[in-house]
Amino acid sequence: MPKFEVQKTIHIAASPEVVFDKISDFHHWIKWSPWHILEPDSTYTVSPDGKYYSWEGKRLGSGNMQVTEERPYAFLGYRLQFLKPWKSVSNDHIT
């Protein structure tokens with residue numbers, strides 16, 4: 001598969017501390033993720049420390065994410081793995 005990069009920028013009217021708290025703990029993702037808006041009845045599991053997240057749904061398929069690097073208020077790296085309906089792995093980040 002060819003390597004490619006997708007980049008999107010938005011401005012959020014909140015402090016970096018508030019935003020980083022919401023993105024670095026997967027317990028918060030269920031509240032704002034557009035994927036869960038698409039299929040609110042999907043099932044998900046979050047590790048107690050909030051650094052690992054898995055999901056399964058009829059429309060969403062299944063997969064998991066794991067935080068791989070954190071630089072507070074500046075960078076969140078994570079590994080994204082899709083298991084169904086197709087298999088794929090990528091390393092992503094939010095700055």
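The legends below describe close-up views of a predicted model.

**View 1**

**View 1. Pairing of S1 with S2, and the loop between them.**
S1 and S2 run antiparallel and are joined by four bridges. Thr-45 has Ser-54 in S2 as its bridge partner. Ser-47 is found in the loop between S1 (43-46) and S2. Because the relative accessibility of Ser-47 is 16%, this residue counts as buried. Leaving aside neighbours within four places in sequence, Ser-47 is in contact with His-27 and Tyr-52.

**View 2. The largest nonpolar core.**
This core has 13 residues. Phe-26, Tyr-53, Trp-55, Met-65, Leu-76 and Tyr-78 are those with the most contacts inside it. Two or more residues each come from helix H1 (16-23) and from strands S2 (52-57), S3 (61-71) and S4 (75-84). S4 gives the most to the core, with three residues. In soluble globular proteins, nonpolar side chains tend to be buried together.

**View 3. Surroundings of Met-65.**
Not counting residues up to four places away in sequence, Met-65 touches Phe-26, Trp-29, Lys-51, Tyr-52, Tyr-53, Trp-55, Tyr-78, Arg-79 and Leu-80. Among these, Phe-26, Tyr-53, Trp-55 and Tyr-78 are also listed with Met-65 as residues with the most contacts inside the largest nonpolar core.

**View 4. The pair of Phe-20 and Tyr-73.**
The structure holds nine aromatic pairs. In the pair of Phe-20 and Tyr-73, the ring centres are 6.0 Å apart and the planes are at 70 degrees, so the pair is edge-to-face.

Trp-55 lies in S2 and Phe-82 in S4, so the pair ties together parts that are 27 residues apart in sequence. Trp-55 counts as buried, at 11% relative accessibility, whereas Phe-82, at 25%, counts as partly exposed. Both residues are in one aromatic cluster, together with Phe-26, Trp-29, Trp-32, Tyr-44, Tyr-53, Tyr-78 and Trp-86.

**View 5. Arg-71 over the ring of Phe-75.**
The charged end of Arg-71 sits over the Phe-75 ring, at 4.1 Å from the ring centre.

**View 6. Leu-38 and its contacts.**
Leu-38 lies in helix H3, which covers residues 34-38. With a relative accessible area of 36%, Leu-38 is partly exposed. Leaving aside neighbours within four places in sequence, Leu-38 is in contact with Arg-59 and Leu-60. The C-alpha atoms of Leu-38 and Leu-60 are separated by 8.3 Å, and the two residues are 22 residues apart along the chain.

How values were computed
Residues are numbered from 1 along each chain as its sequence is written. This is a predicted model: local features need pLDDT of at least 70, side-chain atom pairs count only at pLDDT 80 or more; totals for chains, interfaces and linings use all residues. Side-chain values use heavy atoms; hydrogens and water are left out. A nonpolar core is a set of buried Ala, Val, Leu, Ile, Met, Phe, Trp, Tyr and Cys residues joined through side-chain atoms within 4.5 Å. Buried means under 20% relative accessible area, exposed over 50%, partly exposed in between (1.4 Å probe, protein chains only). Contact means heavy atoms within 4.5 Å. Two strands pair if DSSP finds at least two bridges between them. Rings of Phe, Tyr and Trp (its six-membered ring) pair if their centres lie within 6.5 Å; planes under 30 degrees apart count as stacked, over 60 as edge-to-face and the rest as tilted. A charge sits over a ring if NZ of Lys or CZ of Arg is within 6 Å of the ring centre and within 35 degrees of the ring normal.
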